[in-house]
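Me: I would like to go through this structure before setting up any calculations. Could you take me through the fold, the surface and the charged pairs?

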Amino acid sequence: MENHLAVLLPLTAVWLVAGWLADGLPRLDHARALRRRTGWVLALTLTGLGLTAAVLVAGLSSADATPADRAAAGLTLAAAPALVVAACTLRRVRRLRAGAGALSSASRTPAPHGLRASAAHPLIGLPVQLTGLAILPAVAAASVPDLLSRPGVTGPAVTVGVLGVAAIGVRHALRHNRLVERAVPARPASPRPAGALHV
């Protein structure tokens with residue numbers, strides 16, 4: 001096994017598990033379960049960000065083609081979604097965990113639709129999932145070194161990647177909109193204007 005593959009595999013596993021857990025947050029219908037799951041998502045995303053930053057710093061500080069340098073080169077595609085995770089997702093997950101914690105005094109307290117809509121926000125699950133998926137090409141290239149250099153492989157791989165990202169993004173947006181509509185209280189029907197009096 002390539003040395004930089006041994007660095008990339010645990011990093012990929014952390015991000016993919018965090019993305020899988022974040023994707024399941026809106027399906028939780030009890031506040032205590034939502035609070036527990038957001039704690040796991042928060043811990044895994046912080047671990048993923050720490051490991052990603054450590055690999056990138058180690059790669060930048062080494063002048064030779066060391067395993068850390070090759071692993072850091074494989075993380076260039078994942079740097080942008082990881083920055084979105086650091087800037088937006090962590091704050092939203094912390095707020096979501098605090099909101100679920102305020103309602104989790106009893107084990108069977110239902111999670112309101114507004115809290116589940118916040119859990120389904122695309123800036124929670126999507127950047128985490130994209131970070132994990134963006135590391136997969138580096139893992140594939142480290143596993144089979146000449147895979148991406150073969151003719152006729154790069155174009156289909158990019159197309160499949162773009163279509164996959166678009167499908168994941170649309171799915172997150174539709175689920176968020178559906179839960180937001182459930183969270184909005186129904187407006188009472190406006191009274192009809194009084195008709196003309198018939199004597």
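This is a predicted model: local features need pLDDT of at least 70, side-chain atom pairs count only at pLDDT 80 or more; totals for chains, interfaces and linings use all residues.

Me: What share of the residues is buried?

Reply: Of the 199 residues, 36% are buried. Buried means under 20% relative accessible area, exposed over 50%, and partly exposed in between (1.4 Å probe, protein chains only).

Me: And what about contacts across the sequence?

Reply: Taking contacts between residues at least 6 apart in sequence, 80% join residues at least 24 apart. A contact here means heavy atoms within 4.5 Å.

Me: How do H4 and H6 pack?

Reply: Helix H4 (residues 79-103) and helix H6 (residues 122-143) pack at an angle of about 145 degrees, and their axes are 8 Å apart. The axes are lines fitted to C-alpha atoms, for helices over the stretch in contact, and angles run from 0 to 180 degrees between N-to-C directions.

Me: Which residues make that contact?

Reply: On the H4 side they include Pro81, Val85, Cys88, Arg92 and Leu96. Among those on H6 are Leu123, Ile124, Pro127 and Thr131.

Me: Changing topic, how many salt bridges are there?

Reply: The count comes to 3 salt bridges, a salt bridge being a side-chain nitrogen of Lys or Arg within 4 Å of a carboxyl oxygen of Asp or Glu. Asp23, Arg27, Arg171 and Arg175 are linked in a network of them.

Me: What are the N to O distances for Asp23?

Reply: The closest N and O atoms are 3.8 Å apart for Asp23 with Arg27, and 3.3 Å apart for Asp23 with Arg175. For Arg171 and Asp23 the N to O value is 2.7 Å. That pair links distant parts of the chain, with Arg171 in helix H7 (residues 154-183) and Asp23 in helix H1, 148 residues apart.

Me: Are those side chains buried or exposed?

Reply: Asp23 counts as buried at 9% relative accessibility, and Arg175 is also buried at 8%. Arg171 counts as partly exposed at 39%.

Me: What does the surface look like in terms of area?

Reply: The protein exposes about 11,400 Å², and carbon and sulfur atoms supply 67% of it. Accessible areas come from the Shrake-Rupley method with a 1.4 Å probe; for residues, only the protein chains shown count as cover.

Me: Which residues form the nonpolar patch?

Reply: Leu16, Leu133 and Leu136 form it, with about 220 Å² of accessible area together. Patches are made of residues with over 30% relative accessible area and no salt bridge, where like charges are joined within 9 Å and nonpolar side chains (Val, Leu, Ile, Met, Phe, Trp, Tyr) within 5 Å. Leu16 is found in helix H1 (residues 3-23) and is partly exposed at 37% relative accessible area.

How values were computed
Residues are numbered from 1 along each chain as its sequence is written. Side-chain values use heavy atoms; hydrogens and water are left out. Helices (H or I, at least four residues) and strands (E, at least two) are DSSP runs, numbered from the N terminus.
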